Amino acid sequence: MSKIVNVVLSGGVGSRLWPLSRKSRPKQYIPLFDNKSLFELTVLRNQPIVDKTLMVGSVQNVDLAKAFLPAGSSTIVEATPRNTAAAIAFAAMACEPDDILIVTPSDHLIENREEYEKVLQEGVKVAEQGYLVTFGIRPTKPETGYGYIEYEGNDVLSFREKPNLDTAKEFLKKGNFLWNSGIFCFKASIYLEELFRFEPKVYRAAKEAFEGAENGVLPLEVSLKIPSKSIDYAVMERSERLKVLPSNFVWSDMGSFDSMYDYLKTKGHAVDGHGNMAIGTDRQVSFLGVENTILVYTEDAILVVEKSASQDVKHLYEELEAANSPLL
């Protein structure tokens, strides 16, 4: 009998949230949200909907996840990150062909749980008919940090990359664009069929790695052969089996400090009269001559970033990585 399986993806490092997010403890494991982490909240919110939880995670931080996984859960440990197309393939290969997978990143913040459960249950019904389901969030502002889905009814017309501000405003004005949530629902077999159809190299290399796993840990040498491609590029943007469900639950991918700023502000976190915020410290922080600036404090690093430049923290992370900095 088929099951509904929550596939929790936890391989990212949260580079745009450095220095809070590190390789040893990425953003999804930081207990910033009412003393819970995004990973813990992800697992909890999906329990009423699913029969089983299966995590695909990084070898560097899989141990951080185990304390929050419910009894009977399974883990697949990636020796090296190969992006979401392969990660989801591993999960699909570990399930029965007719199992319905609800694929969720572990680093998103979602509120309005009743609406969330309702639309996911609807997604399960659509997936049972053989479709690949994606969930689009009705936009509330011209956000430049998210990808967009152009749609009509439940049909996807196009996927759009993260736009500039003018383009994002135009999307909102047109009214038929949704934020791409990165949440998916489909039968395990349907996903694998479409992956093999469009990216046979990814499929074959992922299958070889999966079959070579020991105690759920994938082999490094074989994993390095897997082309690194996202599920969007590999499958969703090319399949004719795609459906989108416009959704009204409150959603943020918590992918940058401007998203965290907006969330913390709604929870009463201190913001001065010029829109400046300090994160990670109870010390007195005074801002003079600047507006909409975020100071992020950790024991070994301090980041000062203008709110509008939050997406650029990723480039700083990349510079530190290139220099083999111990601060990652």
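Helices (H or I, at least four residues) and strands (E, at least two) are DSSP runs, numbered from the N terminus. The model is predicted: local features need pLDDT of at least 70, side-chain atom pairs count only at pLDDT 80 or more, and totals for chains, interfaces and linings use all residues. Residues are numbered from 1 along each chain as its sequence is written, and side-chain values use heavy atoms, leaving out hydrogens and water.

Pockets were examined next. A pocket is an open set of points on a 1 Å grid over the protein atoms alone, where a 1.4 Å probe fits, with protein on both sides within 12 Å along at least five of seven lines; lining residues have an atom within 4 Å of a point. Grid points are joined across faces, edges and corners, and a volume is the space filled by probe spheres set on the points.

The largest pocket has a volume of about 1,500 Å³. Its lining comprises 47 residues, and Arg16, Asn83, Thr84, Lys162 and Ser230 lie nearest the centre. At least two lining residues come from each of strand 1 (4–10), helix 3 (83–93), strand 8 (155–160), strand 9 (177–187), helix 9 (231–236) and helix 11 (313–322). This lining has 15 nonpolar, 18 polar and 14 charged residues. Here Ala, Val, Leu, Ile, Met, Phe, Trp, Tyr, Cys and Pro count as nonpolar, Asp, Glu, Lys and Arg as charged, and the others, Gly among them, as polar.

The second largest pocket has a volume of about 380 Å³. It is lined by 20 residues, with Thr140, Trp179, Val250, Trp251 and Ser252 closest to its centre. Strand 5 (109–111), strand 11 (250–252) and helix 10 (257–266) each give two or more residues to this lining. Helix 10 supplies the largest share, four residues.

The interior was then considered. A nonpolar core is a set of buried (under 20% relative accessible area, 1.4 Å probe, protein chains only) Ala, Val, Leu, Ile, Met, Phe, Trp, Tyr and Cys residues joined through side-chain atoms within 4.5 Å. The largest such core holds 44 residues; Val56, Phe90, Leu101, Phe186, Tyr191 and Leu195 touch the most other members. Helix 3 gives the largest share of this core, nine residues. Another core, of 26 residues, lies apart from it and includes Ile49, Val124, Phe135 and Trp251.

The structure holds zero disulfides, a disulfide being a pair of cysteine sulfur atoms within 2.5 Å. The sulfur of Cys95 is too far for a bond, because the closest cysteine sulfur, in Cys185, is 12 Å away. Cys95 is buried at 13% relative accessibility. Cys185 is also buried, at 0%.

Key: Buried means under 20% relative accessible area, exposed over 50%, partly exposed in between (1.4 Å probe, protein chains only).
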